Every structure is written in structure tokens, then in C-alpha cells.
Amino acid sequence: MKNKLVYKAILTIAFTSVKSEANSELNILSWHGYTDADVVSYFEDKYNTKINITYVTNDKQLRNNIENTEQTFDIVVLNSSELKRYIRLNSILPIDISKVSNSKWLSEQFTPLRRNTKTSQHGTIYGMPFTYSSMGMIYHKDRVKTPPSSWNAFWSTTYDKKVLSYDGGTHNTSLAALVLNLDDPFNIPNTEQSNIAEKLIALRDNSLTFYDSVEEATQLFNQFEMSLMFANFGRQQLTSLQKSGANVAYTIPTEGALSWLDCWAILADTEHSELAHQWINFVLEPWVQLEITQRHGLQSPLAQFSPDTQQQKLIWLTPVESPHEREAMWDAVYSGKSLEKVMEHTKRAKP
């Protein structure tokens, strides 16, 4: 009788443990187009779990959500630059590659992962490649007869109020640095801050407005018959516009294009590391990757770089000198402040 009671107790504990894990929830911080409802539903059914998704449209929102002590996320998709930042802050857990068997499908451009400096540090893997893109220029072929060869077109009076720009300080600052031909668009010396601010003000004045999401960009581009757009979200914006019927094309100017590699990463505060690994493995399934490429025009890390991509000047994002100061400067520019006021506002943002 005693042995039966012990056996029953063990079974009860095991069942309760499995049931608890099966009914756990996974809180995801993501970008639109990465977690379609039907794909998420398939995962929920397969693993008997619930997925809660919070969407962001820029890196500032991403940081605010990750650093919000009142809300906990288990897993996040972020670019390799932001990944490096949070590795330094000890906010990311290493990925156990033995639990991500579908990583075998990754193309050679991203493997071996332990040697990929975008996703790993000192041989430890922290990020799993999910999608990537250049941040090129989109132009309307009926309004722009010759593809622009330089980012300077965004500042040209030829396209006054026919430019659609992105509402984000980190990438806009890097774009201004490219146009100013600075050595490193991700590390702006203090001596160049005034020139950057001046360039951003000129971009503001030449742009009709600024967008936050792929959907908003498509709507604004068509509604106001825009000529040029900075494709912050990459080629998925080209796909979105083409699906809407717009006669557009995509080009990489001679200065090159900022480029992002978005990776899935597990946040250090998670209590569902096992489920997070299952999610990462799931989104690398070839059929899932095929869906996101066909639906949204995203580029899959499972595919080899095309000859065109290999020849393009891609400038992969790296951590910037001060995300906080960049966003402060952009907020001041966006609000319509003069150069003097922008610099005062930026100076107050210094730690």
C-alpha cells in the first residue's frame, strides 16, 4: 500500500508539472508581419499554449517595452545592433542550439552561428536570425524617371514635399551621417552633432511627413502621390506598395544602404525558456519562412544571398554611440525646433 501511495504521488506531481508547462503563456515582443495570426495559432495548438503579442514600430518603443519593469516579455525579435546592446546589459539568455534543430536550414551567410559576430559573443549564441533587409530607397517610376543614385535626393528641392521619411531618430541620424560622408554612421563624434542636427532639420523640411509602420507608409505614399521613400522596414515596404497597385521600384544608392538582421532572442527574466526555444525552432520551419517571404516580402535567412545582394553595399547596423541622445535630437527636430533649440534639447539629454 505504501509503495502504491508513493507511486501515485509521483504521478500526480509529474502530471501537474506537465499540465503547468502545457498551459503556460509566452509573451512576445515583435514587429508587424513577423507573427501572423494563423501561424501563431498553429503553434498554440501544437504546444497547447497561449501566445500574447505586443507590437512595436520603432526601436525606441522596443527599448521602452524591454526596460518596462511592470511588464515582462519572454522573447523578442530585435536587430543585431539592439541585440548587442542588451547582451552588454545582461538582459539576454544564451540560446541552446541543441534545442533549435531547424537552425540546420540557415544559409552559409549566417553560419556557423558561434562565429557570427552579429548573433554571438565570445562563441556564445544569443540571437537566432529570422529575417534581414537593406533599408533602401523606394521611388515611383512614373514620377521619378531615373533611379536616384544618391541619398542626397531626399534633400533635393526637386522632391520638395514629395519625400516620405521614417519617424525614428536612430536610423535617421545614421542616414544623415551617410550623406555627410562621415567615417562611421553609427558613431557620431561630438564635433559633428551640429551638422547632423542641421541635416535632420533639412530632411524634416523637405519631407511631407513621417510614417511609423509599413501599412501607414503605403497609405501615405499612395494618398499624397509621393515620389521617394526611405524604406526603413526594407523590401517588405516594396511588396506592400506593389500589392496596392503602386508603380514603384527599389534601389540602393551609391553611398550604400543601412541593413538590419532581425533575430529572435530570449529575455533573461523569462520563466518559459523551454517554450521560447520551441518558438524559435518553429519559426525556422521552412514552411513558416516561405509564408513570411510570400506574404510580406521579407527575406529569409534560409536562402542564399542573391547575386544582386552580394554586389550591393550593405552597411549592417551596429550599436550606436547613444540611442538616448539620438532620439532626443530627433524628437526636437520632429517637433519643429530651430537648430539652436535642437542642440539645447540634445545637450540636456546627455547622461
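A crossing of two helices is right-handed if the near helix is turned clockwise from the far one by less than a right angle. The exercises below use a predicted model.

**Exercise 1. Describe how α6 packs against α12.**

Step 1. Take the geometry. The axes of α6 and α12 (residues 323-334) come within 10 Å. They cross at roughly 40 degrees.

Step 2. Classify the angle. Under 35 degrees would count as roughly parallel, and 65 to 115 as roughly perpendicular. The α6 and α12 pair is therefore oblique.

Step 3. α6 passes α12 in a right-handed crossing.

Step 4. List the residues. α6 contributes Q193, I196, A197, L200, I201 and R204. α12 contributes E325, M329, W330 and V333.

Step 5. Sort them by class. The contact of α6 with α12 has 7 nonpolar, 1 polar and 2 charged residues.

**Exercise 2. Examine the backbone at N48, N181 and P112.**

Step 1. Recall the background. Most residues other than glycine have a negative phi, and most peptide bonds are trans.

Step 2. Check N48. Its phi is positive, near 50 degrees. N48 sits in the loop between α2 (37-47) and β2 (50-56). Its relative accessibility is 45%, so N48 counts as partly exposed.

Step 3. Check N181. Its phi is also positive, near 60 degrees. N181 lies in the loop between α5 (169-179) and α6. With a relative accessible area of 65%, N181 is exposed.

Step 4. Check P112. The peptide bond from T111 to P112 is cis, with omega near -5 degrees. P112 belongs to the loop between β4 (92-93) and β5 (120-121).

**Exercise 3. Compare the chain's radius of gyration with that of a compact globule.**

Step 1. For 351 residues, a compact globule would have a radius of gyration near 20 Å.

Step 2. The chain has 22 Å, which agrees.

Step 3. Of the 351 residues, 53% count as buried.

Notes: Residues numbered from 1 in each chain as written. Predicted model: local features only at pLDDT ≥ 70, side-chain atom pairs only at ≥ 80, totals over all residues. Heavy atoms only, no water. Rg over C-alpha atoms; globule rule 2.2 N^0.38 Å. Buried < 20%, exposed > 50% of the residue type's maximum accessible area, 1.4 Å probe, protein only. Axes fitted to C-alpha atoms, helices over the stretch in contact; angles between N-to-C directions. Helix = DSSP H or I, 4+ residues; strand = E, 2+ residues; numbered from the N terminus. Parallel < 35°, antiparallel > 145°, perpendicular 65-115°, else oblique. Contact = heavy atoms within 4.5 Å. Nonpolar A, V, L, I, M, F, W, Y, C, P; charged D, E, K, R; others polar.
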